[in-house]
Amino acid sequence: MLWRRPGSSFSSCFSLLLAAPLALSCVGEIGDTDGIGETEELICGDDIVPGASPIRRLTKFEYDNTIRDLLGDETHPASIFPAEEQPLGFSNHASALNVTPILAEKYMLAAEGVALRATEDVHALTGCQVAADQPGYDACARSYLETFAPKAFRRPVTTEEIEELFAVYDSAWEIYADELVAKRFREGVAMAIESALQTPAFMYRVELGEGLSPVDPKAEIMPLTSWEMASRLSYFIWGTMPDEELLAFAEADELLTKEQVAAQARRMLGNGKAREAVAMFHQQWLDYDRVNNVTKDPALFPEWSPALALLMQEEMRQFVDHVIFDEAGDLKTLLTAPYSYADSNLAIFYGGEASGAAFERIDFPKNEHAGLLSMGALLSYYAHTNQTSPVHRGKLVREAFLCDILDPPPADVQFDLPEPSPDSTARERFSQHSADPACSGCHSLMDPLGFGFENFDALGRYRDKENGQTIDASGSIIDSDIDGSFDGVRELAEKLAASDEVKACYAKMWFRYAYGRGEQEKDACTLNDVEEAFGEADGNVKELLVALTQTDAFLYRFRGPVAEGGD
Amino acid sequence: MSGRNIPRRAILRGLGSASLALPLMSSFACTPEEQRLIEKTSKAEQRAGGFPKRFVFIYTPNGNYTAPTADFSGYWSTLLPLQNKISVLKGLDLKACQKPPGEPHQTGMALLTGRSLNPGEFVGGDGTLAGWGSGISLDQELAKYVGVMTKRATLNLGVQSTNYGGTEVRTILSYLDSDVPVPNETNPWNVYDALFSDLSTDPVGVEKLRNRRKSVLDLVDKKYDKLATKVSAADKQKLLQHLDAVREVEMRLDNPGGVIGGFCQLPEVGEAPGAVDSYLGDPNNFADIGRLQMDLLAMSFACDLTRVATLQWSASTNNRPYPWLQYQGAPILDDEHGLGHMPDTATDAWGKLAVIREWYFQQLMYLLQKLDAIEEGDGTMLDNTVVVLSSEISRGNTHSHMDQYFVLAGSCGGYLKTGEFLQYAERPHNALLVTLMNAMGVEGTAFGDPEFNTGPLSELVA
């Protein structure tokens with residue numbers, strides 16, 4: 001079982017004994033995935049322990065971004081790839097990025113489309129004269145590939161690699177022998193691009209550490225080359241390939257030290273591409289695009305529409321983006337801000353006043369709104385079609401903000417979802433449902449938490465009354481470092497914002513996203529360093545991202561024993 | 001890969017090397033292994049009147065069918081028009097799905113592997129952790145033999161099957177191997193493009209495209225092969241899996257598919273809607289998407305683009321509404337999974353579920369009647385096919401894997417009895433899987449977890 005949380009008081013150089021899992025039977029934790037499971041004493045700061053370092057393939061998001069930055073193609077070619085799995089919440093989880101024949105076929109089709117568009121004006125692309133002869137075209141092709149391949153592979157290439165791509169180009173002259181010379185040239189260049197875009201050097205972040213030596217006696221832990229580090233940085237902070245500046249630092253071999261890496265991370269966070277990647281993290285963490293699949297009972301909620309769901313999704317994206325990049329930038333503000341972003345339609349829906357057509361900040365009465373916890377995109381999803389769901393809202397807090405994994409109800413549970421009725425409140429209806437001792441054990445973790453959201457109806461609108469009765473939004477939380485009662489979402493948010501456990505959970509989610517894997521026992525020092533830095537930065541999200549580039553997990557690679565021979 | 005059969009990689013390697021001799025193709029010496037495979041394949045191809053056998057598995061979520069009776073009572077009467085071509089099996093147990101790890105909706109997705117799940121990090125609908133399936137699924141096993149000649153080894157279709165919560169083991173029926181899931185294709189327009197878009201182009205153009213792709217993929221293939229020798233064992237496995245996938249694409253370039261004519265016509269799918277992702281996610285479009293996928297499935301059989309297909313209606317645990325269906329005059333807006341949790345005494349909940357089950361049977365009939373309208377020799381394509389329908393659990397308020405129901409349609413070229421109502425007790429469903437494997441012409445006495453090996457269901461064999 002996984003070590004849970006060291007607390008924020010630990011210094012960076014202490015002996016960390018991995019603790020026992022917590023006892024409460026309703027809650028589990030992610031298991032140690034390497035199956036070793038021994039309890040070992042780590043000396044943080046002395047040992048270099050990067051944890052598992054699986055090879056990482058481009059996700060759909062990364063593929064689209066990379067194609068955009070490599071060839072200026074903004075058509076989102078990855079949209080034809082199958083839906084990605086999200087173990088532990090994130091689609092970049094390395095173990096789930098399998099390749100089936102279907103996907104390989106889509107890679108081929110996507111690469112064909114990209115190459116076709118890139119070579120529409122093949123002479124402009126390659127800088128080649130129109131109506132050259134074959135030797136002239138060949139020289140152009142070779143010279144183009146010498147520029148294109150290092151960009152596509154994000155590192156210098158060998159002569160052999162250029163010759164391999166050239167051979168693909170050259171085969172077009174035979175295949176299209178009955179076509180005009182210019183056509184043969186175009187198809188050849190396109191084919192070389194197609195090949196390049198399907199090779200592992202493009203599709204994967206290949207880390208071989210060529211020219212470097214292991215840093216440990218067992219020869220299992222490798223530092224990264226500056227080129228490898230450039231890609232680690234750019235895919236983590238931008239979700240795309242390195243830019244010119246990053247490549248220049250790699251060329252100068254100046255991405256080796258912690259300080260060099262941190263300086264680049266900070267520079268990159270100032271670029272708009274960081275906003276997209278940070279938005280992607282939050283979208284996957286809270287899965288708020290699921291609001292688009294929500295339906296509501298039209299007799300009760302005629303206001304609900306797909307258009308409204310899209311507005312809520314955009315609200316969430318803008319709120320997170322503005323808080324992290326333009327405003328206070330910290331987790332506390334994400335949790336507690338008494339404002340949001342909305343266009344006129346959405347503002348009116350929430351009971352505010354019409355503004356402009358564009359999204360702009362709207363302020364709510366302070367005690368009625370608290371950041372992420374008051375977002376329509378979450379509150380309408382974590383509700384039933386005809387009423388609120390204190391259970392699901394409580395579960396959301398436990399799973400997304402406290403990183404709990406709740407045990408399932410017994411397989412044979414027969415639950416009678418209460419029908420909404422005009423003479424009762426949701427609190428009354430759901431209190432009855434969880435009074436059963438067989439349910440109340442686990443539901444005591446969720447329901448009293450979820451009741452705190454009762455001021456928000458099934459669409460996420462603030463309300464004082466339900467069926468004429470004044471809302472009782474008192475709630476309580478147990479099995480946390482913020483145990484106790486609270487009144488409404490506002491007080492809950494303040495509690496969550498003050499919780500070390502919530503900070504550690506948010507950092508752990510970022511760990512999973514940043515490193516493309518679940519945390520393991522041997523990541524204890526890395527997690528501890530990250531949480532500590534996050535605490536010292538007063539919960540600043542950008543600083544958390546910088547801290548994630550300063551860990552053993554980011555700066556080193558566990559290669560393990562190298563496989564022998566070929567297949 | 002299962003030890004009993006020739007590893008796919010060995011086959012692909014042979015065929016892959018043929019593509020090196022660009023632009024020539026196809027003539028290469030068979031190794032004894034390949035020769036054995038080809039013999040076995042042609043055995044699997046034994047068919048009545050020269051028509052191939054096909055296999056379809058249809059998944060519907062959450063079980064919740066009322067018990068079938070020999071006289072097709074209740075909404076089972078929806079199936080009566082094809083009664084003579086249908087057999088109903090009651091009482092098989094999904095025993096492999098009873099094994100941990102995982103919660104019932106996760107483990108039930110081992111329907112086609114007949115093996116428990118691996119440990120892993122997928123969080124189930126209610127918190128339990130599980131990994132991928134732990135072995136090859138029946139459709140992929142069949143594809144090793146009957147899928148060699150077609151453009152696609154299998155067609156794995158989903159209808160909003162990735163469209164709720166986290167996407168993970170509950171979105172997958174099909175596996176190439178332990179931990180190697182085969183995702184469903186959930187966008188009908190993408191399916192059309194991949195399968196049908198090059199059927200109508202000119203033969204010279206098709207030939208050029210094929211040679212182009214061979215040349216392009218030849219280098220791709222080499223690069224994976226080479227890199228795999230330089231990395232850790234775990235990474236190597238990933239890269240070799242990618243290489244296998246590339247080789248399968250290479251191999252299939254020689255099988256561009258059938259010729260348009262007769263029953264093989266381009267399916268009409270219309271233009272994809274503008275905001276296709278939100279269209280595909282909207283519960284209101286579930287039925288329309290399903291209709292398109294079934295049209296594509298039937299036509300890919302008619303054009304012999306594949307002979308093995310799965311169709312997954314929603315992800316397991318499906319917690320979505322059926323707003324186009326009515327119960328007592330009002331649309332069904334309840335979370336379907338929640339309805340199944342209701343006690344047996346909850347009349348409205350089970351009334352709604354009955355409407356939903358009847359609708360699934362209507363969809364089954366739509367596909368069956370399509371297949372039955374395609375003449376093949378003295379019979380129809382349905383006669384040469386076996387279509388199987390089932391779910392990951394039998395009943396929502398027990399989450400039981402016991403006493404599962406299977407609807408079978410078509411005799412698979414006369415191999416299976418039809419018009420039968422068979423009741424079993426305590427028999428693992430692995431017995432059905434091996435029977436279906438045999439029906440498709442693939443030899444063997446067991447499929448899936450050896451613990452549940454009880455041989456085939458002899459009373460189902462004609």
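What share of the 462 residues of chain B counts as buried? In this predicted model, the share is 58%.

Figure 1. The secondary structure of chain B consists of 12 helices and 15 strands. Of its 462 residues, 58% count as buried. When contacts in chain B between residues at least 6 apart in sequence are considered, 71% of them join residues at least 24 apart. The mean pLDDT of the chain is 85, and 85% of its residues reach 70 or more. Residues 1–30 of chain B have a pLDDT below 50; in the model, this stretch has 50 contacts beyond near neighbours in sequence. The model as a whole scores ipTM 0.89 and pTM 0.82.

**Figure 2. The side of chain B that touches chain A.** Here 76 residues of chain B are in contact with 64 residues of chain A. The elements of chain B that give two or more residues to this side include the strands β3 (122–123) and β7 (180–182). The helices that do so are α5 (188–196), α6 (203–227), α7 (233–252), α8 (276–281) and α10 (336–341) of chain B. By residue type, this side of chain B divides into 36 nonpolar, 23 polar and 17 charged residues.

**Figure 3. The two domains of chain A.** Domain 1 of chain A covers residues 56–205. Domain 2 of chain A is made up of two segments, 288–408 and 424–497. The C-alpha centres of domain 1 and domain 2 of chain A lie 45 Å apart.

**Figure 4. The largest nonpolar core.** This core holds 113 residues, of which A:I237 and A:W510 touch the most other members. Helix α20 (residues 500–515) of chain A supplies the largest share of the core, 11 residues. Why does the core lie between domain 1 and domain 2 of chain A? Domain 1 (56–205) and domain 2 (288–408 + 424–497) of chain A both give residues to the core, so it lies between them. Leaving out residues up to four places away in sequence, A:I237 touches A:A265, A:M268, A:L269, A:A274, A:A277 and A:L545.

**Figure 5. Another core, apart from the largest one.**

**Figure 6. A cis peptide bond in chain B.** The bond from B:P100 to B:P101 is cis, with omega near 0°. B:P101 is located in the loop between β2 (86–93) and α3 (104–107) of chain B.

**Figure 7. B:F72, a residue with positive phi.** B:F72 has a phi of about 55°, although it is not a glycine. Its place is in the loop between β1 (54–59) and β2 of chain B. Is B:F72 buried or partly exposed? B:F72 counts as partly exposed, because it has 16 C-beta neighbours inside 10 Å, and a buried residue needs 20 or more.

**Figure 8. B:T317, a buried residue with positive phi.** Phi of B:T317 is near 80°, a positive value in a residue other than glycine. B:T317 sits in the loop between β8 (308–313) and β9 (322–327) of chain B. With 27 other C-beta atoms within 10 Å, B:T317 is buried, since the cut-off is 20 or more.

Notes
Residues are numbered from 1 along each chain as its sequence is written. Chains are lettered from A and ligands numbered from 1 in the order in which they are written. This is a predicted model: local features need pLDDT of at least 70, side-chain atom pairs count only at pLDDT 80 or more; totals for chains, interfaces and linings use all residues. Two residues are in contact if their C-beta atoms, placed from the backbone, lie within 7 Å. Helices (H or I, at least four residues) and strands (E, at least two) are DSSP runs, numbered from the N terminus. Ala, Val, Leu, Ile, Met, Phe, Trp, Tyr, Cys and Pro count as nonpolar, Asp, Glu, Lys and Arg as charged, and the others, Gly among them, as polar. A residue is buried if 20 or more other C-beta atoms lie within 10 Å of its own, exposed if 12 or fewer, and partly exposed in between; C-beta atoms are placed from the backbone. A nonpolar core is a set of buried Ala, Val, Leu, Ile, Met, Phe, Trp, Tyr and Cys residues joined through C-beta atoms within 7 Å. Domain bounds come from an automatic or database domain assignment. pLDDT is the predictor's confidence in each residue, from 0 to 100.
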